[in-house]
Amino acid sequence: RKTGRVRDWGKQRKLEGIVVEMQDPQVGVKGSDQKLNVTTIPHVIAGQEIITWIANKMKTPLEEAHVFGTMLVAYGYIYPLQNHKKLVMSNDTSLYRFQTPYFWPAQKWVPEDSDYAIYLAKRNIRKKGMLEPYEQVHYNHLHEWLNHKWDFIVMQATEQYKAGKERKKADRVVFDCQERAYWIVNRPPRQTHSALDCGPERLIDPNKDEVTGQYNIFYQQAIMRSKVKSSVSLGALVKYITTYKNHDAFLAPCLPSNPWQTDNDSYWTLNMRRVDVPTKMRVERWSFSLFELLSDLRGRDDFKIFLKKEFSGENLAFWEAAEELKWGTASSMSTKAETIFKTFLAPGAPRWINIDGRTMGLTVKGLEHPHRYVLEAAQTHVFLLMKKDTFFRYLKSPVYKDIQKKARNPEPHNFSPNQLEQNSLNRGVGIHPIILWQQEEEEKAKAAAASAPVDVKAMMSKIDRKK
Amino acid sequence: KTSFNCIFNVSFSLRFKPFRRRPLPAQRKYMRSPLTPEMATQEVQLNETLAHLKTESETLKSKLEEERAKLHDVELHQVAEKVEGLGQFVMKTRRTLKGHGNKVLCMDWCKDKRRIVSSSQDGKVIVWDAFTTNKEHAVTMPCTWVMACAYAPSGCAVACGGLDNKCSVYPLSLDKNENLAAKKKSVAMHTNYLSACSFTNSDMQILTSSGDGTCALWDVESGQLLQSFHGHAADVLCLDLAPSETGNTFVSGGCDKKANVWDMRSGQCIQSFETHESDINSVRYYPSGDAFASGSDDATCRLYDLRADREVAIYSKESIIFGVSSVDFSLSGRLLFGGYNDYTINVWDVLKGTRVSILFGHENRVSTLRVSPDGTAFCTGSWDHTLRIWA
């Protein structure tokens, strides 16, 4: 159960600074005395006063100040007097006190299990059966594994208990609250969320010495590498955003409607893998880049129709086969490489691709000892060819113009509150991805059987599946 | 500190310390046996070499910054001046997924745009149809702190791992009663915890990052290590694959404050950025693949331009002082969503650098955040045991 300690000390210092300022008699939050049974607890503040103070100080809206207040409680700088196990700040008259700096989360020391054992033992001495169930579990566990130290622990606990009895009642009550708050933060009960609960340990720079030499080589290469002017690269980022603006569901409405907002999944049904008629937005997106066209399998289908008409399908087929090789299983590599060679690269191959002599030579040589990146050069060459020539001809072609015309533009939904209610009760379950995938595999097999020349992509994945 | 100790604890004198203060363990020092004169000389030489390397490091770093600055002719916010401002946003929680018994650590979307897989501290990995909120599958891992999970591109399997130092793949089944653990396949083996995992373009390969300071590419079928990536000086906490036509690079972020871009073919680090002031918890590519964002414990998110080879934006505010656990872009790249350790989600205008929205709802830190594949929503997972879908 080894968890990491809070490591970001710049943040702790910031928090400490703010907490100190909050307690300043002049500019801080105004506290008052509160009667609790027969004792009076000094310097008690209401949650809403703290939150208002934070909002003014940090110039943020109340909601954000509220969040900040909760973090102060979660870290243990402020503790609640009521509902002491819930480490949140409430924006109302709930009462809080500032924790004594002694109990602040600190980097210099760590609350050890033996400290916690002393605390629990002390409370046990004070009144048997005082421990909560979760504390009792901790106590039993600590009693077992700290058994060798137990005499020392009981001795410390007894000493603290005696010293505590000598204090004035008001002080004792305050100290008990502080100590209890400290342990809630450092050993939170199950339902409590404490900010000191950090997750597994992280290592900082254990390998630093080993990698320094490596980094020097890297820096030298990085200095030499060509870079692009900021105006050019930033311009490209802006251009991308402008191009895709209307396709971003957070910036423009989703047609017919966003399924998450209306509980109606038509948007997904209209955009499935194998629709006859795609939507206008989807067809528009194919025109943004060859990468978009190929990434959407429905778009790729349309592209293939165009290529078939031009009798130039071999480039795409080769690209697909190379993808299957790159992302396939290690064991299928040699079989695939062989098939690809026979189909696309060998002299007189049925789907011979027209690439420059140098690339062809390198690729064929590489295929003698195939690895997953052996077709990289050829694949890039083919992709660039398609990107610079074929893709633009496709966009001007009757095939694309036709699908643009046919594409549907769904009417935006306009659901009444009643209809929305109905929608939420009748959410469509769609088709399970496993079934869709099985359907896809069947389609691919059919296409492979029906088409001539051979559908290499289908064959590739068949080889994968066999393995 | 003593001054208000007096004010606020007037008649309370600390006559004893409630418990002993114990200093943090000092930096690990190696145990040495007495040095022979030869060993002593060698050691001195080694230290000198290391010192020399470090000085060289500093010089080279400055030279790199010089080179980068030469081509820096405009700032992002200047380019953004010509761009329209964003309107008001109404983003709400549309679904709350309850079912995990402990902190949710990681989640991933299925390509079908509605299913997700999530993993938690208690070892449970759950597959949900987030649209209907139905739980479809549940697996109990043999370890706690399952910090990484990923959905396979085919939708037919999930991968996960954590304190077991492994990444395992579970094929999913249409039969709800089938015991998924029976078909579990152990793929990756690291020497420390698994912090992140991702399938590549197919179900056959997985990319992992680990607390052992390395990333690695694995063949799922055989469990074979295809490529390892060394260069981080400390725990690697996150990774993301580039969405490009070549798909051959990925970026990783670690506890050494570095974000590294790697070539998957050679295993080499091809670009590196060190501007964060603390651990980098999350890295995510800009949708065009020409930039990436990072989120760190230093409470900032940053944008790095890969072609200009520099940091181009910092997303931060005085009032935001808690770490960012997770970041992701909206579909167009205009919005950057960040999940924070103060339980909130901040939405940033990537171009103008301003915060456009802050979302409340989670009751503990937001540990994971991903935008859905078609950009219609984003999902957050939190240490408050729940997941939320926002749209």
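Residues 289-404 of chain A are 72% helix and 0% strand, with the end C-alpha atoms 16 Å apart; helices (H or I, at least four residues) and strands (E, at least two) are DSSP runs, numbered from the N terminus. UniProt, in an unreviewed entry, lists this span as "domain: RGS". UniProt positions follow the numbering used here, feature names are shortened, and annotations may be inferred rather than shown by experiment. The model is predicted: local features need pLDDT of at least 70, side-chain atom pairs count only at pLDDT 80 or more, and totals for chains, interfaces and linings use all residues. Residues are numbered from 1 along each chain as its sequence is written, and chains are lettered from A in the order in which they are written.

Chain B contains 3 helices and 28 strands. Its radius of gyration, 23 Å, is close to the 21 Å given by the globule rule for 391 residues, so chain B is as compact as a globular protein of that length; the radius is taken over C-alpha atoms, and the rule is 2.2 Å times the number of residues to the power 0.38. The C-alpha trace of chain B spans about 70 × 65 × 55 Å along its principal axes. Buried residues (under 20% relative accessible area, 1.4 Å probe, protein chains only) make up 62% of the 391 in chain B.

Residues 187-228 of chain B are 0% helix and 60% strand, with end C-alpha atoms 14 Å apart. For residues 229-272 of chain B, the values are 0% helix, 52% strand and 13 Å.

Terms used: Side-chain values use heavy atoms; hydrogens and water are left out. Buried means under 20% relative accessible area, exposed over 50%, partly exposed in between (1.4 Å probe, protein chains only).
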